[in-house]
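Let's take a friendly walk through this model, beginning with a ligand site and moving on to helix packing.

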Amino acid sequence: MSYYESLGLSKEPFSTSPDPDFFYRSSEHNTALHRLEIAIRLRRGLSLILGDVGTGKTTLSRALLQTFDGEENFIFKLILDPTYKSEFQFLSSLTKMFGIKPSFRSTLDYKEAIEQYLYNKGVDENKTIVLLIDEGQKLSHSFLEILRTLLNYETNEYKLIQLVVLAQMELLPRIKRIKNFYDRVTLKYIINPLDELETKEMIKFRLKKAGLNSENELFTPSALKLLYDHTSGYPRRISVLSHNALEHIVMEDKKMVDKTIVKKLIAQEVA
Ligand SMILES: Nc1ncnc2c1ncn2[C@@H]1O[C@H](COP(=O)(O)OP(=O)(O)OP(=O)(O)O)[C@@H](O)[C@H]1O
Ligand SMILES: [Mg+2]
């Protein structure tokens, strides 16, 4: 029997995978999601979502995909890690991703083939192509330049590619230095950590999603308060600490996570 089943849950409540079903719509995440959706539907071009480590960028991207689920006019392509050895490798991986084969093999041929593809899909077939790039802080200068050229492909009314870059904060000063890239950012949103109330709500939301009966509580109010104080509302830290706390009460055969347990776990983290 899994540890969560002995707590009366049907699923793992604090898994670290970016499952959209466990996505709690905090005001930050909700605003980011709405604004992204609008930017994509209006085909405005480049959206940039920034946030510290573990603020929920990858989870947000999965929720975005879910928002467009079943809409055939939108084609989403996902790059989870934009690390490539060369510009050529980046371009060739883009063409592979779009399912196109350039007839020659220079970088220019690749760019032209991509432009042609975007034109066919975006204008002839009226589809919206969205390229979602996670871990955007890993984009090197030359890859950002390539992305900039892709954003040049446009009709009078809209961009032929919608780029969504999710990145840690360190990308910001770097792209600010590439002025003609930064100028093209039509949506810039920074995801801040959750406040105290939302931290508590996120924990409750995830427990409920995992099957906890709404009358039951697994955390005392003071445990939740300490959890917030220690994690400063960073979703990954909240998830990890909550997970450890639940495992702890199962091992110790207790019913609820109290402040003492959270304190103990925090002390272990530091040690
Ligand atoms: N809105 C949310 N609701 C519920 N859980 C969340 C939310 N945002 C993030 N989490 C949880 O926090 C953890 C980290 O989230 P995620 O991987 O999306 O962060 P990230 O910003 O992509 O981090 P990194 O900068 O390391 O890539 C995951 O376990 C995820 O389930
Ligand atoms: Mg991530």
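## About the model

This is a predicted model, in which local features need pLDDT of at least 70, side-chain atom pairs count only at pLDDT 80 or more, and totals for chains, interfaces and linings use all residues. Residues are numbered from 1 along each chain as its sequence is written, while chains are lettered from A and ligands numbered from 1 in the order in which they are written.

## Around ligand 1

Ligand 1 is surrounded by 20 residues, counted when the C-beta atom, placed from the backbone, lies within 6 Å. The closest are Tyr 24, Gly 56, Thr 58, Thr 59 and Pro 235. Helix H2 (57–67) and helix H10 (235–251) each contribute at least two residues to this shell; helices are DSSP runs (H or I, at least four residues), numbered from the N terminus.

Because domain 1 (27–191) and domain 2 (194–270) both give residues to the shell, ligand 1 lies between them. The domain bounds come from an automatic or database domain assignment.

## H1 against H2

Helix H1 (residues 27–41) packs on H2 at an angle of about 50 degrees, and their axes are 10 Å apart. Axes are lines fitted to C-alpha atoms over the stretch in contact, with angles from 0 to 180 degrees between N-to-C directions.

## H3 against H4

For helix H3 (residues 87–98) and helix H4 (residues 107–124), the packing angle is about 30 degrees, with the axes 10 Å apart. H3 is therefore roughly parallel to H4 (angles under 35 degrees count as such).

Notes
Angles under 35 degrees count as roughly parallel, over 145 as roughly antiparallel, 65 to 115 as roughly perpendicular and the rest as oblique.
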